[in-house]
Amino acid sequence: MYKHVVFWKIKEEANGIGKASLVQSVIARLNALPLAIPEIKAYEVAENIGDYDASFYDVCLISVFDDRASFWKYTQYPKHDEVLAYIQAVQLDEQIVDFEE
């Protein structure tokens with residue numbers, strides 16, 4: 001199994017939209033991908049709920065694919081590119097970890 005884990009830190013505001021709404025929009029767009037991309041075997045998107053003294057990211061994605069080839073196929077879908085472009089427009093930072101089990 002190939003796992004793709006991504007963390008995003010979202011801007012406080014973009015295009016007149018506040019951070020809370022941006023986070024919900026990112027989550028909704030990410031959650032639409034499994035319906036459009038059959039290579040996704042498991043998929044989890046979450047908003048950070050931590051509120052103690054740490055450097056948190058706002059949104060996390062954990063996705064699972066059969067193998068690296070399936071993951072790369074996932075990245076080629078226009079729907080993936082559309083969601084990626086939106087997130088890049090509203091993010092401050094992104095961290096990614098990919099690994100195989």
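Mentor: Ala, Val, Leu, Ile, Met, Phe, Trp, Tyr, Cys and Pro count as nonpolar; Asp, Glu, Lys and Arg count as charged; the others, Gly among them, count as polar. This is a predicted model: local features need pLDDT of at least 70, side-chain atom pairs count only at pLDDT 80 or more, and totals for chains, interfaces and linings use all residues. Residues are numbered from 1 along each chain as its sequence is written, and side-chain values use heavy atoms, with hydrogens and water left out.

Trainee: How do the residues lining the largest pocket divide into nonpolar, polar and charged?
Mentor: 12 are nonpolar, 4 polar and 2 charged. A pocket here is an open set of points on a 1 Å grid over the protein atoms alone, where a 1.4 Å probe fits, with protein on both sides within 12 Å along at least five of seven lines; lining residues have an atom within 4 Å of a point.

Trainee: What volume does the largest pocket have?
Mentor: About 250 Å³. That volume is the space filled by probe spheres set on the points, which are joined across faces, edges and corners.

Trainee: Which residues lie nearest its centre?
Mentor: His 4, His 80, Leu 84, Glu 94 and Ile 96, out of 18 lining residues.

Trainee: And which element gives the most to that lining?
Mentor: H3, with 5 residues. Strand S1 (2–10), helix H1 (19–36), helix H2 (68–74), helix H3 (78–90) and strand S6 (91–100) each supply at least two. Helices (H or I, at least four residues) and strands (E, at least two) are DSSP runs, numbered from the N terminus.

Trainee: On to the largest nonpolar core. How many residues has it?
Mentor: It has 24, and Leu 30, Val 59 and Tyr 74 have the most contacts inside it. S1, H1, strand S4 (42–47), strand S5 (59–65), H2 and H3 give two or more residues each. H1 gives the most, with 6. The core is a set of buried Ala, Val, Leu, Ile, Met, Phe, Trp, Tyr and Cys residues joined through side-chain atoms within 4.5 Å. Buried means under 20% relative accessible area, exposed over 50%, partly exposed in between (1.4 Å probe, protein chains only).

Trainee: What is Tyr 74 in contact with?
Mentor: Beyond its neighbours within four places in sequence, Tyr 74 contacts His 4, Leu 33, Ile 37, Ile 40, Tyr 43, Leu 61, Phe 65 and His 80. Contact means heavy atoms within 4.5 Å.

Trainee: How many aromatic pairs does the whole structure have?
Mentor: The search finds 7. One of them, Phe 71 with Tyr 74, is tilted: 5.8 Å centre to centre, 40° between the planes. Rings of Phe, Tyr and Trp (its six-membered ring) pair if their centres lie within 6.5 Å; planes under 30 degrees apart are stacked, over 60 edge-to-face, the rest tilted.

Trainee: Are Phe 71 and Tyr 74 buried or exposed?
Mentor: Both are buried. They are 3 residues apart in helix H2, so about one helical turn separates them. Tyr 2, Phe 65, Phe 71, Trp 72 and Tyr 74 form one aromatic cluster.

Trainee: Switching to Ser 63. Where is it found?
Mentor: In strand S5. Ser 63 counts as buried because its relative accessibility is 0%. Not counting residues up to four places away in sequence, Ser 63 touches Tyr 2, Lys 3, His 4, Ala 42 and Tyr 43.

Trainee: Last one: what does Pro 34 touch?
Mentor: Ile 40 and Tyr 43, again leaving out residues up to four places away in sequence. Pro 34 is found in helix H1. Its relative accessible area is 31%, so Pro 34 is partly exposed.
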